[in-house]
Amino acid sequence: MDTDLGPNAYTSSAWQRRFRLDGKVAVVTGASSGLGVAIAQGLAAAGADVAIGARRLEMLGETKARIEAMGRRCVAVETDVTDVGDCDRLVAAAVEDLGGCDVLVNNAGIGGDYHAATDDPPEHFRKVVDVNLFGSYWMAQAAGRVMPPGSSVVNLSSVMALTTAKMPAAGYSAAKAGVLGMTRDLAAQWGERGIRVNAILPGVFLTEATAHYSPRYQQAIIDARVPAGRLGDPVEIASTAVFLASDASAYITGASIPVDGGVLLL
Ligand code: NDP
């Protein structure tokens with residue numbers, strides 16, 4: 001809960017405290033690669049201990065080592081977010097090993113392949129929704145059962161929730177738009193409990209998910225769609241996640257924040 005309101009809010013130490021997560025425990029899904037690694041490190045840099053989950057335990061171990069090298073505690077749990085029991089176990093590990101669950105970042109996601117709607121295999125559409133939307137909900141349910149007042153849930157949606165990239169990606173767009181609906185509903189449900197729920201809409205960031213983009217294709221995206229004139233850096237998602245997790249955003253809930261260099265303007 002925000003305790004730094006009033007005339008003392010603007011002292012240097014109180015101001016810095018607004019953006020800090022000291023004494024908090026954060027849970028991050030999909031922290032074995034890409035944006036999830038950056039988010040986990042950003043939360044740790046702000047003072048949080050971090051529980052991380054993904055399917056590839058060896059890569060999670062690398063993230064764990066980075067967080068521990070920063071002087072924070074970390075527990076890594078093999079987690080498939082489409083499995084409700086796995087989601088419960090990840091949150092339980094945060095509570096039992098690190099002492100609680102104050103922040104959840106629902107980052108795990110898959111882009112899926114591109115299929116024209118008339119050729120999209122049902123299993124592909126189901127899988128994309130299963131990981132991106134259902135997985136986020138199972139995690140939010142598990143965390144929402146134990147989160148104290150002052151907690152924060154941050155959901156990774158996408159600009160694809162609100163626009164298209166002229167790619168046939170109905171499942172991904174639908175799942176990420178669903179994440180925004182879920183964000184609003186949970187924010188309304190949990191407002192009285194002092195739990196905030198917000199979403200980040202990333203534009204284009206080079207990660208494992210986008211590693212197949214050729215330099216020529218990257219430049220074409222920038223020229224056509226990115227007013228900022230460059231792709232995003234994962235640290236820019238991490239800093240937004242820290243802001244939404246911290247008291248600096250204590251009066252923001254149910255919001256969807258683009259971190260996209262202006263993609264949604266065009
Ligand atoms: P990456 O492919 O680099 O990372 C995705 C992460 O999700 C991996 O750690 C992966 O771990 C995890 N994951 C995938 N499926 C599951 C599952 N079933 N259970 C648990 N974890 C899973 O992608 P990004 O870092 O680029 O993406 C992170 C998030 O940001 C996603 O939600 C994505 O949709 C969103 N996003 C990314 C954008 C970009 O430009 N990069 C743009 C817009 C949105 P593992 O395989 O070990 O399970």
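Mentor: Helices here are DSSP runs (H or I, at least four residues), numbered from the N terminus. Bear in mind this is a predicted model, where local features need pLDDT of at least 70, side-chain atom pairs count only at pLDDT 80 or more, and totals for chains, interfaces and linings use all residues. Residues are numbered from 1 along each chain as its sequence is written, and side-chain values use heavy atoms, with hydrogens and water left out.

Trainee: OK, at what angle do α4 and α5 pack?

Mentor: About 40°, with the axes of α4 (residues 84-98) and α5 (residues 122-144) 9 Å apart. The axes are lines fitted to C-alpha atoms over the stretch in contact, and angles run from 0 to 180 degrees between N-to-C directions. α4 and α5 are therefore oblique to each other; angles under 35 degrees count as roughly parallel, over 145 as roughly antiparallel, 65 to 115 as roughly perpendicular and the rest as oblique.

Trainee: And how do α5 and α6 cross?

Mentor: At roughly 15°, and their axes come within 8 Å. That makes α5 roughly parallel to α6. Their crossing is right-handed.

Trainee: Switching to the ligand, which residues come nearest?

Mentor: Ser 32, Leu 35, Arg 55, Tyr 172 and Thr 207, out of 29 residues around the ligand; a residue is near if one of its heavy atoms lies within 4 Å.

Trainee: Which helices supply at least two residues of that shell?

Mentor: α2 (34-45) and α6 (170-190) each do.

Trainee: What about polar contacts, meaning N or O pairs within 3.5 Å?

Mentor: Ser 32 has a polar side-chain atom 2.7 Å from a ligand oxygen, and for Ser 33 the distance is 3.0 Å. Arg 55 has a side-chain N or O atom 2.7 Å from an oxygen atom of the ligand.

Trainee: How much of the ligand does the protein bury?

Mentor: 94% of the 880 Å² that the ligand exposes taken alone, by the Shrake-Rupley method with a 1.4 Å probe.

Definitions and conventions: Polar contact = N/O pair within 3.5 Å; in protein donor to acceptor, adjacent residues only side chain to side chain. Left-handed = near helix turned anticlockwise from the far one by under 90°.
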